Every structure is written in C-alpha cells, then in structure tokens.
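Good morning, and thank you for coming. Please look at the sequence and the structure as they come up on the screen, and keep both in view while I speak.

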Amino acid sequence: MLLTPHPTWSVTDSSKLEEFETCPRKYFFRYRYGWTPDRPSLDLVHGEAWHEGKRQLYLAKGKTGSYNDGFEAAIAEYLKCYAKYYGEEEWSWNSPKNPDGARLGFSTFIEENDEDVFKLIGAEIHGTVPVSEKYVLVAKLDTLIETNEGIMVIDHKTSKNSLSEIFIDEYQMKLQFNTYSLMGLVYCLSMGYKPGDFQGVLINHAAFKESKKLGKTVECTRFSIKKTVDQLEQYMQEAEQLIELIEWNDATLRKDRDDELVMLAFPRRTQSCTKYFRRCEYYDMCRYFTNPLRFLDKPQAGFHVEWWDPRKVEGRQREFLKFKGLKKEGTNASVRGDQPRQEDRVDEDSKEVVESTLAVSRLRVRSRSGYQDIRQLGRRHGRRLGCPRAPRRRRIFTGGVSGLRHGRRK
Ligand code: SF4
C-alpha cells in the first residue's frame, strides 16, 4: 500500500458517488490524493455563492415574511464566497456570473416570488442516512419548509441557459436529489410528520444570460422532484453497490505498485474527459501518465491537497444528526440493521441520534420459506430484486438474401 488512507476516505456523500460514476480516476485524484484545483471553475464558485445568498433570502422570509429583508445579507454572503476566488478586476470578465448578476438575480427572484407562503422548518440540516446495514451517506439539507402542499427540501441551481425539459430530465436522475429525498423523508418522520407529508425537493433554477440586445437578464423558474418509496429503495441499493465498487477499487489500489507500468485501480473513463466541451481538470495527468502512483509525492502544478469532508461546513460546524433509517412494518428492528456503520467508525461527535418509523411492507417479499427481507432474497439469487434479469432469449441464424439475419425460435 503506497498511499496512507485519510479519515475522509470512508465518508461518502452523493457528490463523491456522482464523481465516481463520472470517472473512477477523477475520483481517485480528488478523493484519494486530495488534489483540488487551486481555482475552482467560475460555474462552481458562482453556483456556491448564489446558494449561500439564496439561503439568506429563505431565512429572512421564514423570520419576517419577506424575502426582501434578506437582500443585503444575501449579497454579503455571495460576495464573501465569490471574492475568495475572484478579485474585483476580474468581475466584469465573468459577467453575468458576478456580483452584479447576483444582485439582479436576487431582486428578480424576490419580485417574482415574494407571495410565497411557508413555515421554515430548518436550514443546513447535516446528518447521515443509512443506505444498507453497512453503509451510510452524509447529506446536508439546505432549507426545509412547510407549505400548504406539504414539506419540501429547497435547493438552488444556476446555468447559462433557460430551464428546459432535458435539464429537468437530467436532474430527475441525479443521485443528489435521491439523497435529499431520503434524508428529507427520514427527517420529517423523525419530527412526527406522516410519510405523505413529504413532497420532495423544490428546485429554484436561475438562468444567468447576457446578450447585446437584452443586456444582462436572470430567469428564475422552479420545478420539483418527488421520489416514491420504491425509487428510494432502488437508489439505496444502487448507492450501496457504488460504495462496494469503490471499496473494490481500494482493495486493488492496495496491490498496485509504483514500479508497474499501469495502475489498475480506479480506471479511467475517457468519455468524460471533454464533457460539455470542457477539458477535465486532471486531463494532462491522465493523458501523459499511465501510473499516477509514480508521482504521488506532491500535487501537480495548479493543485493543492484539500480533503473533502461533507460532515464539515467551513466556518460553522452545525449539529450533526445520525438517522437510524426506516423501520420495517410490525417489527422493532431497523430495516437497515443495527450493525456499526461506516460513519460510526469515523465520526464519534454526532450530537443526536434520530430514529424514524415508516411502514413499508413492500420491503418484505413473500417467498417459499415465508417473508424475507427483499435484499437477502436478491442476494441469494445473485442479482438485485427490482432489476430482474430478462429471461435468456435463444437466437438462431435464419440466413437471408442480404446476408445473415437473426431471429427468435418460436
Ligand atoms: S481526464 Fe478523463 S480519464 Fe482522466 S480523470 Fe478526467 S475524466 Fe477521468
């Protein structure tokens, strides 16, 4: 083993899983070496700063009933985040993703949505939710509100294009919103709400645009994502599978050596190298080095070592909740078991443990030997339930004038 494991290695959240899905090698550079670009992309900086600002608007609305009361605080939070990476001399180059654009965006949002009516339930709720007996995911709910329609997690997204159907389709599938939905549901249950009260995630989308004709504009739109219990169950199984794959790569990494030509662990996924017409930040390392273990002594130029720990928020450590998960109907045992979990091994300072109950009878299935946990049954058959393997089709060649054709035997 050439690398010394860092305590954050065993902490998982949806951004880590998404990064691993995008490219395992990227995951390796970011979370096994801790190599972080000295200057994150403008989209990332602006998106995070916008997020911080929007939270101030929601906090003000929850307190005084008007978004407008949070306007100055929103601008201040935006600037605090943005100015860390971009000096004033660069702001005009970054337009419309700059403080002027944010000011316009906040006022547009306030103008269009000041009629909103809700009760603020919580902001920056940190904690872990179990996805299996062994693994938990760390998650943070930015804002949780109660409206006439039910309880919703609020999230904010920015882009340079108007909200389109394909954008919504992309977000429907994102792991991040499954984690928010899971944590939101468990949190609501722990607070005494009913499962049906939770209405999913409401996403405030802001499109920052600039054209010669119209100048700078910010389009504020909304859409929501709601997951069924079945979909959450599917997500939990997929998340577990991804964590197991990461562990498998870690085991391979322990055997990899720096005098070998190629590093086998965390293989490259090259279709992600120039996604969205942008070069991946690790492109040069992947293009020229076949075994990254040969240059593990220090980060490459333009990078520094910074470990991503989703349990910590810069400057403010919030209460950290550990959810025990959903309970099986009619039993005292947690669906996800009571074994020591990944998070328990790395973080002992959680302040509160919350357990919620949800009657989910479909988590048990009937088999010849009686009711069984859906997961055990899936494992015994060597596959996951919910994604049954299609019956094998026998194919035969039928031949033909234009060459070989294949068809199914009747
Ligand atoms: S350059 Fe390509 S292969 Fe390398 S980390 Fe980035 S996406 Fe992965």
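Glu124 lies in strand β2, which covers residues 119-130. Please bear in mind that this is a predicted model. The phi angle of Glu124 is near 50 degrees, a positive value in a residue that is not glycine. Is Glu124 buried, exposed or partly exposed? Glu124 has 15 C-beta neighbours inside 10 Å, and it therefore counts as partly exposed.

Phe266 is found in the loop between α8 (229-255) and α9. Because Phe266 has 23 C-beta neighbours inside 10 Å, it counts as buried; the cut-off for buried is 20 or more.

A further backbone feature concerns a peptide bond. Ser95 and Pro96 are joined by a cis peptide bond, with omega at about 5 degrees. Where is Pro96 found? Pro96 belongs to the loop between α4 (71-82) and α5 (99-113).

Let me return to β2 and follow the strands from there. Strands β2 and β3 run antiparallel and are joined by 10 bridges. A hairpin through five residues connects β2 to β3. Within this pair, Pro130 stands opposite Val136 of β3.

The next pair is β3, residues 136-147, with β4, again in the antiparallel sense, and here there are five bridges. The hairpin from β3 to β4 passes through two residues. Thr147 has Gly150 in β4 as its bridge partner, and Glu146 stands opposite Ile151 in β4.

How does β4 pair with β5, in the parallel or the antiparallel sense? Strand β4 and strand β5, residues 198-211, pair in the parallel sense, over eight bridges. Strand β4 itself, residues 150-159, is mostly covered, with seven of its 10 residues buried. As a general point, the side chains of a regular strand alternate between the two faces of the sheet.

I turn now to the helices. Two packed helices are described by the angle between their axes and the distance between the axes. For helix α3, residues 42-64, and α5, the axes come within 11 Å and cross at roughly 35 degrees. This crossing of α3 and α5 is right-handed. On the α3 side, the contact is made by Ala49, Trp50, Gly53 and Leu57, and on the α5 side by Ala102, Gly105, Phe106, Phe109 and Ile110. By class, the residues of this contact between α3 and α5 are seven nonpolar, two polar and no charged.

Finally, the ligand. Which residues surround the ligand? Around the ligand are Cys23, Arg25, Lys26, Arg268, Arg269, Thr270, Ser272, Cys273, Cys280, Tyr282, Tyr283 and Cys286. Helices α2 (24-32) and α9 (283-288) each contribute at least two residues to this shell. Sorted by class, the shell around the ligand holds six nonpolar, two polar and four charged residues.

Thank you for your attention.

Terms used: Residues are numbered from 1 along each chain as its sequence is written. This is a predicted model: local features need pLDDT of at least 70, side-chain atom pairs count only at pLDDT 80 or more; totals for chains, interfaces and linings use all residues. A residue is near a molecule or strand if its C-beta atom, placed from the backbone, lies within 6 Å of it. Helices (H or I, at least four residues) and strands (E, at least two) are DSSP runs, numbered from the N terminus. Ala, Val, Leu, Ile, Met, Phe, Trp, Tyr, Cys and Pro count as nonpolar, Asp, Glu, Lys and Arg as charged, and the others, Gly among them, as polar. A residue is buried if 20 or more other C-beta atoms lie within 10 Å of its own, exposed if 12 or fewer, and partly exposed in between; C-beta atoms are placed from the backbone. Two strands pair if DSSP finds at least two bridges between them. Axes are lines fitted to C-alpha atoms, for helices over the stretch in contact, and angles run from 0 to 180 degrees between N-to-C directions. A crossing is left-handed if the near helix is turned anticlockwise from the far one by less than a right angle, and right-handed if clockwise. Two residues are in contact if their C-beta atoms, placed from the backbone, lie within 7 Å.
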